[in-house]
Each structure stands twice: as C-alpha cells, then as structure tokens.
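Hello,

Here is the structure I promised you. Please open it first, then read my notes below.

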Amino acid sequence: MKKVILILTVIVIALSCSRDDIVESTQEDNPTVTFSIPADFPSLNNAFNSNKPTKFGVELGEKLFHEKRFSGNNTISCASCHNPSLAFSDGKMQAVGIDDRIGFRNTPPLQNLAFMKFYNWDGNILELEKQPLVPIITHEEMNSSILEGIGKINGDFDYKVLFKKTFGDENITPERIYKSIAQYEYTLISADSKYDKVKRGEGEQFTIEEERGYQLFKLKCESCHATELFTDQSFRNVGFPLNKHPDEAGRARITGIETDYMAFRVPSLRNAEYTAPYGSFGQFPTLKSVLDYFDKGVLDAANLDPILKENGKRIPMTEEEKEAIIAFIKTLSDPKFVGK
C-alpha cells in the first residue's frame, strides 16, 4: 500500500510541474551556442537577441534547411539553391526551383546574416525568421505551403526528438520552423579569409599585386563595398543591364518610390570568388566582366548612383588595375567556410 501511495505521490508531483518548469529544464540541456563577433564587424541585427542560436536549435535548423519535403514534389530544399561549397549560392544565373522553373533573380550567398539589416536583393525581409516562408510558397521555388510541409514531416520520429530537445515538446509549428532555420543561418559566419588573417597579424601577408589591389579597391570600390562585411548595406542603382522580367523594379517593388527603381542591395564581396555569376539576375559571368562593365560605362538613369553620375557614368580602370583588384577580392575567400 505504501508503494502505491509513493507512486501516486510521484505522479501528482510530476503533473503539478508547470509547463514553464519543463521548458526551463529543457533549455538548460539546450545551451546557447558560443557566438564570437569578429573584430570590427558591425553590430548584430535587432532580431538576433530574441532568437539566439542554441545547440539543438541549430541542429534542427540545419536538418530543416536540407528538407526537400517542404517543396510541392519533394525535390527542392533550401540547400538545393544555397550550396555550402559555393558560399551558399548556386552557380546559376537565376535560381532554379521545382520542375526546373526559373526565378527572376540570382540566388544570393548566405554568410554573416546575423549582421545584415536587410535580406534579399530588394530588402523586402528585415528579420531572418521571416525569410524561410518565401521560397516555400513561391511558385518558381518550392511551390508549396508551410502547412503542407508540416503535414509531411509531422510523423517523423527524428523531428519529434529534435523539436522536443529544442522547444520542450514535440509540437511542430511554422514559427518554430522559421526560428530554427534562422538559428542555423545565424551561425554561417565567414571571417577567416587571407584578408582577415593579414589584418589579425596571423603570419599571412599580401602579395605585391594583392596589396596594390587593396589600395585600388579602397580608391575605386570601397564607397559601396564598405565595412568588414564589404557592403554598406545600401540600395543603389549602379546602371547594370536591366532585367526585363515584368515584375522587376528593384527596391521600388517594396517602397513604391520612384527613386528606388532598379536599386538593389549592395552585395558583400566576401567569398565572391565562389559565387559567380554576379548581378541581380546573373548578368555577369566573371568578376572581370563586372569591372569591364564599370570601366566602359554603365546605363544612365534618373536615379543613377551619384558617385557614378559625377564620374561620367563609369569607374575607369586599366587592365592591370582590374587584375590587381580581382587579386585582392580573392583574398576575401574563406576556404574553411566553404569546405574547400
């Protein structure tokens, strides 16, 4: 009888524990990932602190990032377009989704996202947690819905385990999916290139050509590709060849402001060696072709970037200067980040 009473007492105590107690206990077993901010990087974005990466959150996010069942025909995952070996880009002019459907923009690489203020070419996303839904529902990408995707993975034992380890119970919700994928993407930090090692004094030195390229870069490129992210995160119309897709208007698609027409977020040049082709719809096959275009002269526009307007719509460079600038840009390559 005493044993029965003891067992019942234990059950009552267990049932009396609040849900918060259970979650808190789980969180103690799911520590926050150590997150080191590289020297001179900008501050973390506003959303990061409310969704700090955790041990199991990152593991779950990486699994979801590679999950093809979020697409309508189970063939496309986030990783299908964001290949780690290409700095999480895809090597294609424009993204290719379900049934080989072609998107109208180039796939941007994924790196140092914890420090970005805007996402996508037109900056339509301000919080990384709101990004995963976009490819899931887009016709040219996964052509599905988040509820359809959840229905496909809801009975998966491995997911049940990971959701419980991450959030305290097995409940799979859209918000938890978005948060987990964002946690994984927050950990994709690239700051171990030759440039970084030179700056940190870790025994690396620029070659003569790389050093010359660095000085030229500061003179001709740094006004847009500024900070340790090598982007000032501004939106600019730099007179690139126009995408004729009827839906394209650049930043103006979001703001509706005429002066934002065909203005795009300045891309980071970190790992640019791995992320060809370049431009909002892959207009340029090589870094050399980008510099050639600036040298020969860009398209005029009422809202052309003032720096280009003031310099005759071009950035003049000799062939030797172009080669030196490219040599410097390649020092921003982070082989460890891309697994090379």
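Start with helix α12, residues 287-296: 8 of its 10 residues are buried. Buried means under 20% relative accessible area, with a 1.4 Å probe and protein chains only. Helices are DSSP runs of H or I, at least four residues long, numbered from the N terminus. The model is predicted, so local features need pLDDT of at least 70, side-chain atom pairs count only at pLDDT 80 or more, and totals for chains, interfaces and linings use all residues. Residues are numbered from 1 along each chain as its sequence is written, and side-chain values use heavy atoms, without hydrogens and water.

The buried residues of α12 include L287, V290 and F294. They pack against α13 (306-309) and α14 (319-330), where contact means heavy atoms within 4.5 Å. Just after α12, G297 has a positive phi of about 120 degrees.

Next, the cores. The largest nonpolar core has 45 residues. Such a core is a set of buried Ala, Val, Leu, Ile, Met, Phe, Trp, Tyr and Cys residues joined through side-chain atoms within 4.5 Å. Its largest share, 6 residues, comes from α8. Another core, of 28 residues, lies apart from it and includes V298 and F328.

Last, a helix pair. The axes of α10 (residues 208-220) and α14 come within 7 Å and cross at roughly 100 degrees. Axes are lines fitted to C-alpha atoms over the stretch in contact, and angles run from 0 to 180 degrees between N-to-C directions. The two helices are therefore roughly perpendicular, a label for 65 to 115 degrees.

Best wishes

Terms used:
Buried means under 20% relative accessible area, exposed over 50%, partly exposed in between (1.4 Å probe, protein chains only). Angles under 35 degrees count as roughly parallel, over 145 as roughly antiparallel, 65 to 115 as roughly perpendicular and the rest as oblique.
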